[in-house]
Amino acid sequence: MTTSAPNRSIEFRNTTLGATIAVLRDTEPVGLADSLHKMLGGMPDFFNGEAAILDFSGVTRTPARVDWAGLLSLLRRYQLQPIGVRNLPAELSVAARQAGLAILDNLELRERPASEAARTPPPPPAPKAEAPPPPAPAAPSASAPAPNTLFVERPLRSGQQVYARGGDLVLLAGMSNGAEVIADGSIHCFGPLRGRALAGAQGNSNARIIATNFGPELVSIAGVYRTFERGIPEAIAGRGAMVRLNDAGNAQTIEIEPQQLD
């Protein structure tokens with residue numbers, strides 16, 4: 001959906017990533033609450049748990065601080081799940097990270113055309129009788145890096161961010177809490193996986209996150225995410241694990257499988 005009006009303090013846009021962009025013109029929860037109530041009719045489940053990226057490009061006056069707790073609580077009231085921010089002034093970035101949000105300025109976000117808003121797949125092409133289709137190639141191993149692969153040899157510290165554009169990301173020494181890694185392909189972590197890991201950033205639902213020591217704050221595949229405020233499940237905490245996207249009917253969910261990677 002796309003909603004816009006000059007007097008609204010927030011605007012929503014769909015993207016091909018699978019997340020909703022919330023373009024803010026105001027950062028005060030009180031003003032935003034009034035706009036949301038008018039736009040959405042007070043329906044508390046309007047967005048049905050969609051991931052959201054907060055875009056601050058529409059804010060004309062940079063505030064001294066943002067009430068992150070109030071802002072995130074307001075959006076969650078309408079079943080939006082904020083996962084990151086973009087176009088945020090640098091002086092506000094530290095507090096945004098502390099609130100659990102990723103800084104996503106380097107991530108390409110293309111708006112989904114209105115005709116695709118319902119995410120209805122196109123009809124399949126008519127079968128051709130001239131020749132049988134060639135056999136499908138063997139599926140690549142989930143642990144095999146893509147040809148365009150970014151290798152990071154040093155541990156990533158809190159506050160650092162790496163984006164593997166167009167391919168896989170391989171972390172050879174792990175990452176710490178507060179770090180962020182993003183890849184258009186899969187993420188392979190040989191060492192502690194902490195912080196936030198977002199694979200399939202441009203919509204690749206076949207991407208994976210594979211780690212020898214699983215313990216992140218947030219994982220995401222193609223915009224579908226999962227957080228661990230209540231802790232990592234005992235079966236995978238500190239152990240090898242693979243994160244993938246599971247299609248269950250019309251819903252996509254994050255599935256985490258234990259792996260023997262030693």
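# Salt bridges and more in a predicted model

Colleague: How many salt bridges are there by this rule?

Modeller: The count comes to 6 salt bridges. Keep in mind that this is a predicted model.

Colleague: Is Glu180 buried or exposed?

Modeller: Buried. Its relative accessible area is 0%.

Colleague: And what about Arg97?

Modeller: Arg97 is partly exposed, with a relative accessible area of 23%.

Colleague: Which other salt bridge does Glu180 form?

Modeller: One with Arg196. Their closest N and O atoms are 3.0 Å apart. Arg196 belongs to strand 11, residues 196-199, and Glu180 to strand 9.

Colleague: Is Arg196 buried or exposed?

Modeller: Arg196 is buried, and so is Glu180.

Colleague: What can bring such side chains together in general?

Modeller: Side chains of opposite charge can pair when their charged atoms come close.

Colleague: Where do Glu257 and Arg244 come in?

Modeller: Their side chains meet in a salt bridge too, at 3.7 Å, N to O. Glu257 lies in strand 16, residues 251-258, and Arg244 in strand 15, residues 241-248. The pair therefore ties together parts that are 13 residues apart in sequence. Arg244 is partly exposed, at 27% relative accessible area.

Colleague: Which residues do shared partners join into one network?

Modeller: Arg97, Glu180, Arg196 and Glu217. The salt bridges that share partners make that one network.

Colleague: Zooming out. How many helices and strands does the protein have?

Modeller: There are 3 helices and 16 strands. The protein has 262 residues, and 44% of them count as buried.

Colleague: What share of the contacts comes from residues 24 or more positions apart?

Modeller: They account for 42% of the contacts with a separation of 6 or more.

Colleague: What about the accessible surface?

Modeller: About 13,900 Å² for the protein. Carbon and sulfur atoms hold 51% of that.

Colleague: Which residues form a nonpolar patch on the surface?

Modeller: Phe151, Leu172 and Phe190. Together they have about 310 Å² of accessible area.

Colleague: Where is Leu172 found?

Modeller: In the loop between strand 8 (168-171) and strand 9 (180-183). Leu172 has 41% relative accessibility, so it counts as partly exposed.

Colleague: New topic, helix 1. What does its span look like?

Modeller: Helix 1 runs over residues 29-40, 12 residues in total. From first C-alpha to last it reaches 16 Å, close to the 16 Å expected at 1.5 Å a residue.

Colleague: Which residues in helix 1 are buried?

Modeller: Pro29, Leu32, Ser35, Leu36, Met39 and Leu40. They cover an arc of only 125 degrees around the axis, which puts them on the same side of helix 1.

Colleague: Why do residues three or four places apart point the same way?

Modeller: Because an α-helix has 3.6 residues a turn.

Colleague: And which exposed residues does the face turned away from the buried side carry?

Modeller: Val30 and Lys38.

Colleague: What is the phi of Gln79?

Modeller: Near 65 degrees, a positive value in a residue other than glycine. Gln79 lies in the loop between helix 2 (68-77) and strand 4 (80-86). Gln79 is partly exposed at 32% relative accessible area.

Colleague: What about Asn87?

Modeller: Asn87 has a positive phi as well, about 55 degrees, although it is not a glycine. Its loop is between strand 4 and helix 3. Asn87 counts as partly exposed, at 38% relative accessibility.

Colleague: Last one. Where is Leu24 found?

Modeller: In strand 2, residues 20-24. Leu24 is buried, with 0% relative accessible area. Leaving aside neighbours within four places in sequence, its contacts include Ile10, Leu32, Phe56, Val59 and Leu71.

Colleague: How far is its C-alpha from that of Thr60?

Modeller: The C-alpha atoms of Leu24 and Thr60 are separated by 9.8 Å. The two residues are 36 apart along the chain.

Definitions and conventions
Residues are numbered from 1 along each chain as its sequence is written. This is a predicted model: local features need pLDDT of at least 70, side-chain atom pairs count only at pLDDT 80 or more; totals for chains, interfaces and linings use all residues. Side-chain values use heavy atoms; hydrogens and water are left out. Helices (H or I, at least four residues) and strands (E, at least two) are DSSP runs, numbered from the N terminus. Buried means under 20% relative accessible area, exposed over 50%, partly exposed in between (1.4 Å probe, protein chains only). Contact means heavy atoms within 4.5 Å. Accessible areas come from the Shrake-Rupley method with a 1.4 Å probe; for residues, only the protein chains shown count as cover. Patches are made of residues with over 30% relative accessible area and no salt bridge: like charges are joined within 9 Å, nonpolar side chains (Val, Leu, Ile, Met, Phe, Trp, Tyr) within 5 Å. A salt bridge is a side-chain nitrogen of Lys or Arg within 4 Å of a carboxyl oxygen of Asp or Glu. The expected span of a helix is 1.5 Å times one less than its number of residues. The arc is that of the directions from the helix axis to the C-beta atoms.
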